[in-house]
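Please look over the sequence and the model shown here, and then follow the strands and the aromatic rings in turn.

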Amino acid sequence: MNRVVVVPGLRTPFLRANTHFKDVKAFELLRHVLIASVNKVDNLSRNDISYVVAGQTFHTDNSNIARDSVLTAGFDVSKTGAHSVTMACISANQAITSVASLIATNEIDCGIGCGVDTLSDPPIRVTRALRRWLLDMNKVKGNSKRIGMLFKLRPSMAFGFEAPPIAEFTTNETMGQSCDRVTKAFNVSREEQDKFGVRSHEMADKAQKAGLLSDVAPMLVPKVGLVDKDNGIRLTTYEKIAQLKPAFTKTGTATASNSSYLTDGASATVLMSEAKAKKLGLKPQIVIKDYTYAAIDPKEHLLLGPAHATTKLLKKNNLTLRDIDVFEVHEAFSGQVLANLKAMDSEEYSQTKIGTKKLGLIPMEKLNTWGG
């Protein structure tokens, strides 16, 4: 098996939906970071990239956004293959590890794992009834039959729209509702969530001011200008956000301030074999040694994937919390992160649900140190 290494990758600024990127298409965001990421790496050209995998949660104009972005970014269209993956919040991680697997098994020696979403342009569809009518109308020939079809059109069909499927398919539960449920199950208080939310924005602000968020590829946007930093960081106080009402369920504790904002953005990670990196004279930043994914019950355990995957991965590699310097836990909600921490530190949950002894409590000073 080849050793898989990571060299510098880049991302667009991550912006609140319906702000500076509201008129930028998803493939344009992804194309931008693909080009910028290759250009950043010394001695690397687009011809070196054998494969691209892109993760996306909401599909809009592109059924295979990875391939469409590659085609419009100037890669070798006869050499650089590409496909897209969808695994909700972990889609881009799946893209990265898919490329890593291709390199490890010697299928390719260099590729890019990436991700993109634009919540300014979600996939809004007309109703099923109107779709059926439009398809039937397209088959009708002759003016008289077309006029007859018009009489079959109903106001409910013409003005009905279907919102993006943000709920889990089998439970019809939104992530916010799931968060309220798991925080209740693990006794995560509203105060804990609000204070963690304030901390997250404070950590992101410190990282931005310290120049640590240097992986941003500035993007020139028509009618806007150069966009070069995230715009979702909001400094506030616990006392102020404690006054907000629940956002998802009447008795819940997830609010607009302890939840992540809807985002537009794209990112790319350049991966290659260690031999390829040496050939190009590059010093890799990271070696990917192992990874895992956790399939869990979407009703009882949705949002608790990090607790399952982290515990299994560390124990598989005979590592403890003391061996890790930094943990990055996906932060959709403050309550979601805190529930995962408590799950990993719960002997009962670890034994009965994860199937092993508890991992312990991740020290806060090691967790999401640049914000979430």
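Tyr51 stands opposite Gly111 in strand E5, and this contact belongs to the pairing of strand E3 (residues 51-55) with E5, two strands that run parallel and are joined by 5 bridges. Strands are DSSP runs of at least two residues (E), helices are runs of at least four (H or I), and both are numbered from the N terminus; two strands pair if DSSP finds at least two bridges between them. E5 is also joined to E10, here by 9 bridges and in an antiparallel arrangement, with Ile112 standing opposite Val270 in E10.

The model is a predicted one, in which local features need pLDDT of at least 70 and side-chain atom pairs count only at pLDDT 80 or more, while totals for chains, interfaces and linings use all residues. Residues are numbered from 1 along each chain as its sequence is written, and side-chain values use heavy atoms, with hydrogens and water left out.

In a regular strand the side chains alternate between the two faces of the sheet. How many residues of strand E5 (residues 110-118) are buried? The count is 9 of its 9 residues, where buried means under 20% relative accessible area, exposed over 50% and partly exposed in between, for a 1.4 Å probe and protein chains only. Cys110, Ile112, Cys114, Val116 and Thr118 are buried on one side of E5, and Gly111, Gly113, Gly115 and Asp117 are buried on the other.

Turning to the rings, a search of the whole structure finds 3 aromatic pairs, a pair being rings of Phe, Tyr or Trp (its six-membered ring) whose centres lie within 6.5 Å, with planes under 30 degrees apart counted as stacked, over 60 as edge-to-face and the rest as tilted. One of them is the edge-to-face pair of Phe186 and Tyr349, with 5.4 Å centre to centre and 70° between the planes. This pair links distant parts of the chain, 163 residues apart, since Phe186 lies in the loop between helix H7 (175-185) and helix H8 (190-209) and Tyr349 in helix H13 (residues 347-354). Phe186 counts as buried at 16% relative accessibility, and Tyr349 is buried at 8%.

Phe248 and Phe333 also form an edge-to-face pair, at 5.7 Å centre to centre and 85° between the planes. Phe248 lies in the loop between helix H9 (238-241) and strand E10 (263-273), and Phe333 in the loop between helix H11 (305-316) and helix H12 (334-344), so the pair ties together parts 85 residues apart in sequence. Phe248 is partly exposed, with a relative accessible area of 35%, whereas Phe333 is buried, at 7%.
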